[in-house]
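Hi,

Here is the structure I said I would pass on. Have a look at it first, and my notes follow below.

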Amino acid sequence: MSQNPKAGGALWNQDGGSATCEIPQLLSPFAKIPAALAAAFSVCLVGMPTLIFLMLYLLGPKEMIEDPGFAMAPLIFLGAMCFFPLPVAIFILRWASLIAFGNTEIRIDHERLSLVTKAGPFWKTCKCKLNELGGFRIEFSQMLEANKHLAERSSLVAVRKDGRALHLLRAYPDQIVNQLADDLPLKIEEITGLNPVSERVDASRLGSEVQAVGPTEVLSRTEKPIGSNLVVGDSRHELIIRIPKQGFLKKTSKAGKLVIAGFMLAEVFILGLLVPALIAGKVEGDPVAGWVIVVVFTLLNTGVVLYNLSEGVRRGTLKVSDSQLTLEERGLFSTKQRSWQADAIESVKVKIERHESVGDDGGVNYSGHLEVRSSVDLEEVEWFGNLDKSELEWMVTSIKDRLGMEQCGLVSVSRDQIGV
């Protein structure tokens, strides 16, 4: 076994056909807050009902204690605890322990890249097959405005070819993140070259990219983002970038899927229980109110599903030559297409909009789209607002290169105040 200390404290251990990098525990102070709150919540989730039960069991009314069936109370309580509160509390405590006390290792063998985190009896393993790995990305926190101590920290992400991401490091010092981003492709090439059976992975095949430091900063990108599903057709006369539909499941976030599932479940209960009861006249009170609930909730549920479905089927095409730019975007309910002659185009940029929610639960979020301004345009049209900012950056850079425009003025920021 050989040891090679690198990455400003990270230690590589190589044993035969595998290598392990031990990541030092350098927890960001910001991460301690949610971990501590989660641990306290898990204790309360189990402790409060246990305390209430013990008080009733030991200090309850004499009639209740002397009841013959009361002897089964501890078993009933234990069964109820194991059914819901205890598993949830263990899951939350595991999450908090891994964040606050977990020791992290990055393992490489001839088949996969693995991230292993251990904290006492808890552990977590995430894996990515090397033949599915597209490269690595350095990301910066979007909370820099509120947490200045994150300014010198970043995250390292392994990106699969299909765009799925595996976070290797979160909010670690830039020195460690940058060094590991350099070391990992070389280490993967070395380990896969030791096994004559497996295919050797060249370090040059594993791309590396950097995310913009701030949400309003736009970079110039000469290479297509890692994991992007944009389809490129390039010839001497014309560059064509096709934006395929991403599908309902891929486009919708995990939180969005949970919201939709909740709406659908509620709709099943409404259509299966409330509507038959209204038809049979078994609902107390004014039945009109019941029908209003059915109609309003059904329309709301339909709107949520149609919106996410529309986002999932959006597709488009970008064509650019030395003399012309053509954009086309198709959705579930609309289609738009425009062409511009090169000499009429004044600017092509990624426009970032900052949205502020005003109120007790106010927050900030950002959205981006491609903007083309020309001498013949009478109104502004937003293009490809469903793409990631890195994809928009690459598209704008490609357009400017083909049209011979200077790579400047990529950023445009507007502030929208949204009242809550």
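Let's start with Thr192: setting aside neighbours within four places in sequence, Thr192 is in contact with Asp109, His110, Leu130, Ser198, Glu199, Arg200 and Val201. Keep in mind that this is a predicted model. Thr192 sits in helix H5, and because its relative accessibility is 0%, under the 20% cut-off, it counts as buried. A polar atom of the Thr192 side chain also lies 2.7 Å from the backbone oxygen of Ile188.

Now for the nonpolar cores. The largest one has 30 residues, and the members touching the most others are Ile106, Leu113, Leu133, Phe136, Leu156, Leu168 and Leu180. Which elements each supply at least two residues of this core? They are strands E2 (10-15), E3 (18-23), E4 (103-108), E5 (112-119), E7 (133-139), E8 (153-160) and E9 (165-173), plus helix H5 (174-194). H5, the helix that holds Thr192, gives the largest share of the core, 7 residues. Apart from that core there is another one, of 26 residues, including Val350, Val372, Phe384 and Met395.

One more helix to look at is H9, residues 389-403. Is H9 mostly covered or mostly uncovered? Mostly covered, as 13 of its 15 residues are buried. Its length checks out too: at 1.5 Å a residue, the 15 residues should span 21 Å, and the end C-alpha atoms are 21 Å apart, so the two agree.

Technical notes
Residues numbered from 1 in each chain as written. Predicted model: local features only at pLDDT ≥ 70, side-chain atom pairs only at ≥ 80, totals over all residues. Heavy atoms only, no water. Core = buried A, V, L, I, M, F, W, Y, C linked by side-chain atoms within 4.5 Å. Buried < 20%, exposed > 50% of the residue type's maximum accessible area, 1.4 Å probe, protein only. Helix = DSSP H or I, 4+ residues; strand = E, 2+ residues; numbered from the N terminus. Expected span 1.5 Å × (residues − 1). Polar contact = N/O pair within 3.5 Å; in protein donor to acceptor, adjacent residues only side chain to side chain. Contact = heavy atoms within 4.5 Å.
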